[in-house]
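User: Please take a close look at one part of this model, the contact between its two chains. I would like one connected account with the cut-offs spelled out.

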Amino acid sequence: MAITYEPIATTTLGSATATVTFSSISGSYTDLVLVTNPLGSAGNYDLGIRLNSDTGNNYSWTSLRFNSDDSGSPISDRASNTNYVAMKTNISTTIPFPSIIQIQNYSNSTTNKSLLARSPRGDYAVSAIVGLWRNTSAVTSVSISLFGGGSANLAVNSTFTLYGIASA
Amino acid sequence: MAINRTSPKKGKIIDIPTVPTIGAATAGAGSASVAFTPATVGGPAFSYTALSNPGSITGTGTTSPVTVSGLTSGTSYTFTVRGTNPSGNSEYTSASNSVVPVVATDFESIATVTVGGGGAAYAEFTSIPGTFTHLQIRGIHRNTPTTPGAFYAIKYQYNGDTGSNYTYHYIVGTGSAANAFAGTSQSDGWAGVCTSDGITASVYSAGVIDILDYANTNKYKTMRLLNGTDANGSGEAFFMSSLWMSTSAITSIKLYPNTGNWKQYSQFALYGIKEA
């Protein structure tokens, strides 16, 4: 049986960057896994995912999370008709907000694309997000940005690795 | 320049090979594949050797490409290639492009079930080898219930066990509230939420299930799960752990919706994970 979990590309930021994009993604895998470890100017931002550079209101998400800003209980919220799938972060210049984002069956052309993400930050929060991109196109590019709070940039030393998983 | 020499084996005079033309190097798991084009003049090469820089690690083959193994993952390498025959070696080519071998992972595909146009009552993996440490099931799913328009549950059974030997705990986010549930002595396991007909077309749930230490024969079996559906205004995000109270090694897994059938394009892929 072949090894089926392969890194496709890795980026470590050498300077502050608004958006990191993995493009020309091969359709030869079954799922994509994006492992992010972003840094940024301190604040509450959305770590936003866009697919195929689609900036339309074609995304939505549902979250389950517990963080230090909440009143002792986990919460769940959602947003519809957004222009990215959001993971709520409390990012800083020194403590990353690692996230693992799974894009299931990304290359089929028959279903909308569902995303699963989990974003732990040991000193602050744990969360799970399920997202949707209402498009049946194969995913060929994935972009990551910080949204909210003005012109937030992903900071130097942020890392992003895209993996492909191929099934039998 | 080609030099005529006498082959020690056949006593036939042949030229040493002319230098080949380097092609593309491609990274693999702790290895690299080095392509080249043989020279069309000079003596025939009986074999080709690719040489790494750094490390001077070699790989040999008779045709392009040649694989060089034993490379360090994360290190950048270039390669040169030369041809060899009994009269001697060609010069090395110029250096290839640089490549960085990847880490050799132990994540292997075992089997995949994709539901066809007629739907399916369940997806099943049988004869699962016990050669891995953990199992992972990844997939998208949607069902066709008798009463459409709601979210349904994914169920599972190990080894065909229908006894009351399953337990679970989960926390679910509905978009407006976070709730937690538990069940004991269940006749099957729960594995998250499933989108159904009656909810936005083409929206499928997604899930990742880890079944830990599945082949041991001295512990109960624990499963953990991240699963969910978002349907642009409805949906659930789902964290779960569950237990199968059996010390048997897991050799088969059946996944099915709690009502109706799996819909076309639902897919379940089983992977094995090995620990070093």
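**The interface of chain B and chain A**

B:R138 and A:D31 join their side chains in a salt bridge, 2.6 Å from N to O. The term means a side-chain nitrogen of Lys or Arg within 4 Å of a carboxyl oxygen of Asp or Glu. Between chain B and chain A the count is one salt bridge.

This is a predicted model: local features need pLDDT of at least 70, side-chain atom pairs count only at pLDDT 80 or more, and totals for chains, interfaces and linings use all residues. Residues are numbered from 1 along each chain as its sequence is written, chains are lettered from A and ligands numbered from 1 in the order written, and side-chain values use heavy atoms, without hydrogens and water.

Polar contacts link 22 residue pairs across the interface, both residues at pLDDT 80 or more. Such a contact is a pair of N or O atoms within 3.5 Å; within protein, one must be able to donate a hydrogen and the other to accept it, and residues adjacent in sequence count only if both atoms are side-chain atoms.

In contact (heavy atoms within 4.5 Å) are 44 residues of chain B and 43 residues of chain A. The two chains bury about 3,500 Å² between them, 61% of it on carbon and sulfur atoms. Buried area is the accessible area (1.4 Å probe) that two parts lose on being put together, summed over both. B:R138, B:D230 and B:N232 supply 18% of the area that chain B buries against chain A, more than any other three residues.
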